[in-house]
Amino acid sequence: MVNGDIKPWTRLSVLSSHITPSLSISMASSEKEAALAAVPSDSPTIFDKIINKEIPSTVVFEDDKVLAFRDISPQAPTHILIIPKVKDGLSGLSKAEERHMEILGHLLYTAKLIAEQEGLDDGFRIVINDGPSGCQSVYHLHVHLLGGRQMNWPPG
C-alpha cells in the first residue's frame, strides 16, 4: 500500500486490534493513533467484555483478581496482557490510590508467574502505558508482559 491509500484508523478499529487480526500497518503507529483518539473514561471497555467472556480471548492465567490473555497483535513472541477483573477506578496507573496497592502488587506478581509459565528464563519486559503521551489506548489498567526476544533500550 502507498501511504495515501491507507485510510485513517478509527478508535474502534484500533482498539479491536487487541482482539482481532490487524491490517498490515505498523502497530506502533496505529497504537499511537489509538492512544491519541482514546478518551479517558471510567466507562466499560473492551477488556470488560473479555472479562465477561463476551469477546473471546486466549487466556493463559486467571484467578479471582486478574485475567491474563495473549495480545492478538503481539509486539514480541510472547505478548500477554494482564488486567484486574475489577476496575475499581483504575483506568490507568496515574489513577492509583493507596487502596489499590494490593491489586497493583498482584498484577506484577502474576506477571512473574506467567513469565515462568511461558519459559521466559532469560528475561522479559513489563510495560504499563498511562495516558495519551504514554500511548494508552484502553482505559482499563493493564500490564503488558513481553518476552521471547532481545528487548532494546531506550524502549520508544
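# Questions and answers on this structure

Visitor: Where is the place of Pro154?
Guide: Elements are DSSP runs numbered from the N terminus: helices are H or I with at least four residues, strands are E with at least two. By that count, Pro154 has its place in the segment after strand 5.

Visitor: What kind of model is this?
Guide: Local features need pLDDT of at least 70 and side-chain atom pairs count only at pLDDT 80 or more, while totals for chains, interfaces and linings use all residues, for this model is predicted. Residues are numbered from 1 along each chain as its sequence is written, and side-chain values use heavy atoms, with hydrogens and water left out.

Visitor: Which residue does a cis peptide bond join to Trp153?
Guide: Check the omega angle. For this bond it is about 0°. The partner of Trp153 is Pro154.

Visitor: In what order do the elements run?
Guide: Start with the count: four helices and five strands. The order is α-α-α-β-β-β-α-β-β.

Visitor: Which residues is Ile114 in contact with, leaving aside its neighbours within four places in sequence?
Guide: Contact means heavy atoms within 4.5 Å. By that rule, the partners of Ile114 are Val60, Phe61, Ala68, Ile80, Ile82 and Leu145.

Visitor: How much space lies in the largest pocket?
Guide: On a 1 Å grid over the protein atoms alone, a pocket is an open set of points where a 1.4 Å probe fits, with protein on both sides within 12 Å along at least five of seven lines; lining residues have an atom within 4 Å of a point. Points are joined across faces, edges and corners, and volume is the space filled by probe spheres set on them. For the largest pocket, this comes to about 790 Å³.

Visitor: Which element gives the most to its lining?
Guide: Of the 31 lining residues, Gln75, Val127, Asn129, Leu146 and Pro155 are the closest to the centre. Helix 2, strand 4 and strand 5 each give two or more residues. With six residues, the top giver is helix 2.

Visitor: How far apart in space are Pro74 and Leu146, C-alpha to C-alpha?
Guide: Pro74 lies in the loop between strand 2 and strand 3. In sequence, Leu146 is 72 residues away from Pro74. In space, the C-alpha distance is 8.5 Å.

Visitor: Is Asp88 buried, partly exposed or exposed?
Guide: Asp88 is found in the loop between strand 3 and helix 4. Asp88 has a positive phi of about 45° although it is not a glycine. Its relative accessibility is 39%, so Asp88 counts as partly exposed.

Conventions:
Buried < 20%, exposed > 50% of the residue type's maximum accessible area, 1.4 Å probe, protein only.
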